[in-house]
Each structure stands twice: as structure tokens, then as C-alpha cells.
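Thanks for asking me to look over this model with you.

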Amino acid sequence: MNRLRLLDCTLRDGGYVNDWKFGQENIQLIINNLTKSGIDIIECGFINSERSVSEEQSMFNSIEDISKYISKKSGSMYVAMINFGSFPSEKIPDRTEGMIDGIRVAFHKKDKIEALNLCEDIKRKGFKVFLQPMVSLSYDDYEFLEMLQSVNKIEPYAFYIVDSFGVMKKRDLLRFYHLVNHNLKNDILIGYHSHNNLQLAYSNAQSLVEFSNGRDLIIDSCVFGMGRGAGNLNTELFLEYLNENYATNYRIKPILEVIDEVLNNIYKTAYWGYSLPHYISAKNNCHPNYATYIADKDTLTVDDVNNIVSQLDEDKKNNFDIDYIEKLYLNYQSNRVEDKSDLQELSRVFKNKDIVLIAPGKNLLGISNKLNEIKSLNSIYISLNFRPAGINVDYTFISNNKRLDHFKTHDEDKLIISSNIKNSNLNGFKVNYSELLNDVASVHDNAGLMIIKLLINLGVEKVQLAGFDGYSNEAVDDYVDKDLMLVKDRKIISQLNRGVKEVLKLYSKDIEIEFLTESKYNMEEDI
């Protein structure tokens, strides 16, 4: 077999999961255990001068800051990564004993000329240079060959094939490998960095090792597959594969200790791994955050998420733009209808009535009987995207296509339907989606806020809320019916709770809001 080097990038690529906040002791533990395991190259983190970082992070404001973690007697090579544009050349010192051995430079196609100049400068300062052209599939063959000519002039330590979005099939990888193998100088190592959106990182890495006889390789991986979105190639799995098939002597136990002592705790609160949004991102060859952002709203079906992501402009696919995807989402939802007569009728029906909005929070269980007892001829009960068991509601507000899949309507149901709902067979009052939005991005079209905005627009002066519990870290505790459960990332939960509370405070200037059940939104303290 050709000389194969394993590069573990847990502290760098894995850091996207936890904002690189591993803690100093854990950073040292991970590096020490990777060294004990015999990992050839250990990536210690990012070098970035553009953001403020703490000592608890594996993101560093200078190259010198990394030195305290390095074992001078180790047989491993130590490196760190610079995303082009985040660390200027003038801040890179001449390499001296005790510093990292190499610097990996990641860059997009639009920056390749300037990035290659930076790599040349880094090499002159005594560091081994690793060139990482992100989203290798964004290059056609001619562009890739042209870049290889420039790379040959620099003569870096390694040049990479980078599957940034986890979309490469075996044929794609081997096509790039043959291009690089036949056109890159023989003393330059070929690297492969993969993501796991299509669950192909493991099999692709095996294929590359199998087909690369005679050429030295670097394969990137992360312990436990830790990485943004669907994650990366698993270090422990690939080491096991190499030991069994190529008589290597990597030690697995130190890697398992990292999982047990450090990463399991992170995984419990910040999940990474395969999901439908990551599949959709790979299918559309785009940044994984686009599909995840839309899916996290929990308002659309998988087909709808794919429809939106498929609309991305080619020049927007590689870099996540939250304002751009939010605009696509709102445009997709904003199917305008002529709602003037429906609004007039709703205004007439709701005038001088006691309006009670019923959300599916678990605290609704404790008030169901009371709601039925206090209901009068002057009351109007409106449920939100579900039909509450045992409560006689007058209307159901429907604004969520995903929830609609689980909601069986009956002919006698009286519905208020937001215009973003794709089911044209529903009969009821139609209201324009775009008129019910608020300005807080995380909760633009939260159903509870939309119906309150509708009531304000109709001139209703007071509304009572039941089942508006707020989101918790344990999704099973949030809902009156487990079939309504929507599991969300903890960071998103915090954003949602703060956003709803902020908008309710704003709306309370135009409508009196009373909570009939306990709610996070009715508490004085910050969420």
C-alpha cells in the first residue's frame, strides 16, 4: 500500500457543533489521545483574528497560542486551519521550534488567486502548507487543471479534494483523483476531506485508498464523526478498517476514551448526523445550512423544503446567506388571495366576543374541563393547527403545511386558512399569509403570533391564551399530544422563546393579552 496518513480534524471541523468550546482540559485530552492512537496529523483548530475567542475554544487568535498544547516529543504532525480572509499574512510569524508544523488554507473558487499567494507566503515562513479548495465540485475539469498548474509552482505539502457538501459519489471522487494524480507533482500529497450528507464518506475513503496505489494520501476524519450537519468520516471506524485490511497499527482505545469522556456529553445537547435536510442539501449541492434553516421552522413538508432549496441561485449555493434563504422562504409561502370579504365577515363574527386561542402546550391538559365550563354564547374558541381532544372549538386556524399532514379535517369544521397552505380542497376563511408576519426572523410566521396579528387587524381588543407553554429542551414535555411533537435544537429553542416573548410584548400595545395557563412568555425573567 502507498503511504497513508490520517489527519484528525475533530478540534477544527468538529468545533462547528459546539462553537469550538471544548475547554482547555478537553482540548489537551483530545490531542494527547490522538497522539497515543498514532494519528499521523492532528489539526488543533482554527486560526482566526477576526473574532474574539476564549481560552476554552479550539479557535485561536494567533499561531503562538496553540503551542501550549503541542507535545515536542510526539511523532505526530500538528497543524491548524485558516479560512482565507480570516487571518492576514502579516500576522503569520516565521516558524520556530515548538510551533505547529503546518497550516491548512481553505478557500473558495472566487478567492483562489489570492489564496494561492497566501500559501506561497506561508511556505516561505517555514510551515508545511495544505491547500484546500472548498467545494471541489464547483470547478470544471479545465479550471481544476489550471489550478493544479499553479499549485505545482508552489509545491505545497499537500493538495486536497474537498467534498464540502458531502455530495460526491465514488465516480466523482475517482474522477478528481485521476485528474490530480496525473497532473500534480509526485512529491505533493493528495488529501481527501469529506462530509457525510449522503453517508458515503466511509465508503469513498475506502475506495480512494484502494485505487491510489503508488501515491501518498492524507484522509481526513473526526472522532465520532463529529461535525456540522451530517458530520464527517469517523476516525475510529476508519482506523479499524485500516488495521483490519492494511496491517496498520493504529490504537483504537484512546479514540474511544475521547468519545466516552468528552464527545458523548456534547452529542447529547448538540446532535450531528444524517437527516433529511442534509440529504436535501447534498441533492441540491449546496451549503447544508440552507435546508436545515428551512426545516427547523417546522412549517413545511420535506417536499416543500426541497422545492425552496432547489430555487437557490448557483452563486449563492456555496456560502450560507440567511437573509437570502429567508426571502426565498417567505416568497414561497406568500401565495396571495383576495381576502377582503373574508376579513370583513370575521370582523363581524368576532366583534365584542371573548376570544380564546388554544395552542397544543401540555399545560392545556390541566384546563380542558374548565375551558368547557366557562364557555358561553359570547365565547369564540380558536385552536391552532390541531383539534384539541375534549374541547369544543369554534374555529381552527391552519397555517402550517407540515401539521396539516396530521390534521384530519371534517366537513363541519370551521377553518381560518393562511394563504401559504397548499391544500386547495380546504374550505374556510382565507387570509393572506404575508399580512400576518412579524419582524423577528426566528418567529416570522409562528402560528400563535400570526393569529394574534390577525385579531389585531380585525380590531379585537382582548385575547386569552391557553396552551401557550413555550418550548423546552425536552420536546416530549411541550405538547398535549405526542403526535404534535416537533423536536428542535436547543439553540433554536432559545431563539424561538425569546422571539415569541419579544413579539407578544410588542403586540400587547395593541391588544390585551391574558394567559389562562402557565407560560414561559408570561414570566418577568428573561428566557
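1. **Ground rules.** This is a predicted model, in which local features need pLDDT of at least 70 and side-chain atom pairs count only at pLDDT 80 or more, while totals for chains, interfaces and linings use all residues. Residues are numbered from 1 along each chain as its sequence is written, and side-chain values use heavy atoms, with hydrogens and water left out.

2. **The whole chain.** Along the principal axes, the C-alpha atoms fill a box of roughly 85 × 45 × 45 Å. Of the 527 residues, 57% are buried. Here buried means under 20% relative accessible area, exposed means over 50%, and partly exposed is in between (1.4 Å probe, protein chains only).

3. **Strand β11, a covered strand.** How many of the residues of β11 are buried? For this strand, residues 379-384, the count is 6 of 6. In a regular strand the side chains alternate between the two faces of the sheet. In β11, Ser379, Tyr381 and Ser383 are buried on one side, and Ile380, Ile382 and Leu384 are buried on the other.

4. **The neighbours of β11.** On one hand there is β10 (residues 354-358), which pairs with β11 in the parallel sense over 5 bridges; strands count as paired if DSSP finds at least two bridges between them. Within this pair, Ile355 stands opposite Ile380. Then there is β12 (residues 395-398), parallel to β11 over 3 bridges, where Thr396 is the bridge partner of Ser383.

5. **The crossover.** Together with helix α14 (residues 368-374), β10 and β11 make a right-handed β-α-β unit. Right-handed means that, with the strands pointing away from the viewer, the path from the first strand over the helix to the second runs clockwise.

6. Is Asn385 buried or exposed? Asn385 counts as buried because its relative accessibility is 6%. Its side chain reaches the backbone nitrogen of Ser399 at 2.8 Å. That is a polar contact, a pair of N or O atoms within 3.5 Å; within protein, one must be able to donate a hydrogen and the other to accept it, and residues adjacent in sequence count only if both atoms are side-chain atoms.

7. **Ser212, another loop residue.** Ser212 is located in the loop between α6 (201-211) and β9 (217-221). Ser212 is buried because its relative accessible area is 0%. A polar atom of its side chain lies 2.8 Å from the backbone oxygen of Leu208, and one lies 3.2 Å from the backbone oxygen of Val209.

8. **Two positive phi values.** Most residues other than glycine have a negative phi. Ala247, in the loop between α7 (235-246) and α8 (253-269), has a positive phi near 55°, and at 65% relative accessibility Ala247 counts as exposed. Asn285, in the loop between α9 (276-283) and α10 (288-295), has a positive phi near 50°; with a relative accessible area of 26%, Asn285 is partly exposed.

9. **The cavity.** On a 1 Å grid over the protein atoms alone, a cavity is a set of points where a 1.4 Å probe fits but cannot get out, a pocket is an open set with protein on both sides within 12 Å along at least five of seven lines, and lining residues have an atom within 4 Å of a point. Grid points are joined across faces, edges and corners, and a volume is the space filled by probe spheres set on the points. The count comes to 1 cavity of 30 Å³ or more. The largest cavity, with a volume of about 30 Å³, is lined by Ser164, His195, Asn197, Arg228 and Pro288.

10. **The second largest pocket.** This pocket holds about 510 Å³ of space. Its lining has 26 residues, with Tyr16, Asn83, His108, Met134 and Arg228 nearest the centre. The elements giving two or more residues to this lining are β4 (77-83) and β5 (102-107).

Note on methods: Helices (H or I, at least four residues) and strands (E, at least two) are DSSP runs, numbered from the N terminus.
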